[in-house]
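Hi,

Here is the structure I promised to pass on. Have a look at it first, and then read my notes below.

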Amino acid sequence: MSKKWVEREASAWVDQGIVTREQADRIIGLYEDKNHAVGLLPILGSVLVGLGILSFIAANWQDIPQLLRLLLIVLVMCGFYAGGEAATRRGAQKLGIALAGLGVVSFGGGIILIGQMFHLVAYNAGSFILWAAAGALAAYMYRSRYLYLLALLLFDAAQVYSVASFGSFSYTAFLLMAAGLGYYGWKFRSDLLVWCFSLSVTAHALMWVLSEEYKFMWMFIPALALYVLGDWLKERRGAYALQAAPLAAAFVFGVFMVLIGGEWSERSLREGLSPEPLAYLSALGVLFAASLAGKSMRGRLSTAYEWVLFVPFFYLSAGIYVMYLLSLFFFSLYVLWRGYAESWRFKINFGTALFICSTLVAYGKLTWDFMDKSLFFIIGGVLLIGLSWFLNRKNKQVLHDAGEGNRDA
């Protein structure tokens with residue numbers, strides 16, 4: 001919560017008689033006036049410095065003797081780490097983290113350059129995994145969100161490298177990421193980090209399916225395991241952060257099935273997407289039962305409606321894209337309903353965006369083939385503007401009524 005927001009709201013509290021002017025000043029005094037933009041400058045600067053150093057060394061690398069190259073790699077890496085530790089101990093936390101991040105970058109750059117120097121042949125993504133593990137260790141040492149996200153990005157890069165270069169999924173990279181960075185996000189209770197972790201796990205599930213040449217829908221099983229784990233978490237916001245990526249992936253898949261899947265024949269659909277029904281439905285049933293048990297225990301059984309996005313409509317013999325379209329509308333209206341019921345602004349805005357997206361998908365699917373394209377865009381624009389106006393008006397009314405109810409209580 002920013003100090004500027006508190007100052008702005010405090011004036012309204014005083015006008016409404018909720019607090020006195022003196023009490024409002026004391027509340028404002030509890031918040032530090034932080035300049036977040038200035039605080040980000042060391043980190044942004046470290047990224048630019050790291051890119052500059054790597055590009056300079058790469059351009060002149062062949063002209064430097066081998067022994068000097070090794071010495072240069074070690075000195076640069078140790079210098080950044082030592083500088084980061086010294087700055088952190090002096091209280092310059094942002095600068096210290098920025099230098100530690102440069103140390104992580106120089107460590108990975110050193111691995112790559114040494115491999116080029118001695119013409120080492122890689123048979124797996126071990127070098128990238130080692131680089132990512134160093135980033136994760138730095139994140140634990142400094143408890144930094146920046147270093148955590150850097151390590152997460154490196155694990156993702158290691159997996160992409162393994163799949164693209166060697167055609168194999170790196171279970172080592174996935175397990176290290178899941179154990180190390182998953183524990184970090186759970187321990188320090190950061191919704192942003194949990195959301196990014198969930199997104200990476202979902203992306204790894206997609207790469208797992210592609211590399212092992214499994215049917216596409218198998219990717220939702222590990223993603224749903226993550227969703228089920230969120231159902232067992234006690235904190236509501238942490239659970240939503242963990243479940244956001246699987247739900248987003250299912251929503252995007254539903255949009256894909258409406259726009260493109262409807263053009264496929266039943267045979268091509270089953271050959272490209274559908275796993276063997278007994279195995280897939282059994283796994284889906286187990287996860288659904290575990291999800292319901294977790295929701296029931298945490299008092300969130302009403303969120304079971306979210307499972308409409310994971311229903312395997314692709315097994316139907318007809319009307320597949322229609323069912324996916326209905327599921328998109330049902331889910332978006334459910335999110336809107338929960339947002340109104342909880343007076344949660346984020347959910348209301350998110351549900352509004354989902355409903356507009358579902359409407360546009362339906363409009364495009366039903367009218368693109370036979371409507372004049374100019375008329376298509378004009379009507380679509382008018383529909384979008386009208387929906388936005390109506391839903392925003394409804395949102396403001398609901399939030400205003402909720403605020404009035406809270407004050408009366």
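On the surface, Leu-149, Leu-192, Trp-195 and Leu-199 form a nonpolar patch, and together they have about 340 Å² of accessible area. Patches take residues with over 30% relative accessible area and no salt bridge, joining nonpolar side chains (Val, Leu, Ile, Met, Phe, Trp, Tyr) within 5 Å and like charges within 9 Å. The areas are Shrake-Rupley values with a 1.4 Å probe, and for residues only the protein chains shown count as cover. Helix α9 (residues 191-212) gives the most to this patch, three residues, while Leu-149 sits in helix α7 (residues 145-166). Helices here are DSSP runs (H or I, at least four residues), numbered from the N terminus.

Bear in mind that this is a predicted model: local features need pLDDT of at least 70, side-chain atom pairs count only at pLDDT 80 or more, and totals for chains, interfaces and linings use all residues. Residues are numbered from 1 along each chain as its sequence is written, and side-chain values use heavy atoms, leaving out hydrogens and water.

α9 also packs with helix α8 (residues 171-188), at an angle of about 165 degrees and with the axes 10 Å apart. So α8 is roughly antiparallel to α9 (the term covers angles over 145 degrees). Axes are lines fitted to C-alpha atoms, for helices over the stretch in contact, and angles run from 0 to 180 degrees between N-to-C directions.

Lastly, the salt bridges: a side-chain nitrogen of Lys or Arg within 4 Å of a carboxyl oxygen of Asp or Glu. The count comes to three. One of them pairs Arg-89 with Glu-85, with the closest N and O atoms 2.9 Å apart. Both residues, Arg-89 and Glu-85, lie in helix α4, four residues apart, about one turn of the helix.

Cheers

Definitions and conventions:
Helices (H or I, at least four residues) and strands (E, at least two) are DSSP runs, numbered from the N terminus. Angles under 35 degrees count as roughly parallel, over 145 as roughly antiparallel, 65 to 115 as roughly perpendicular and the rest as oblique.
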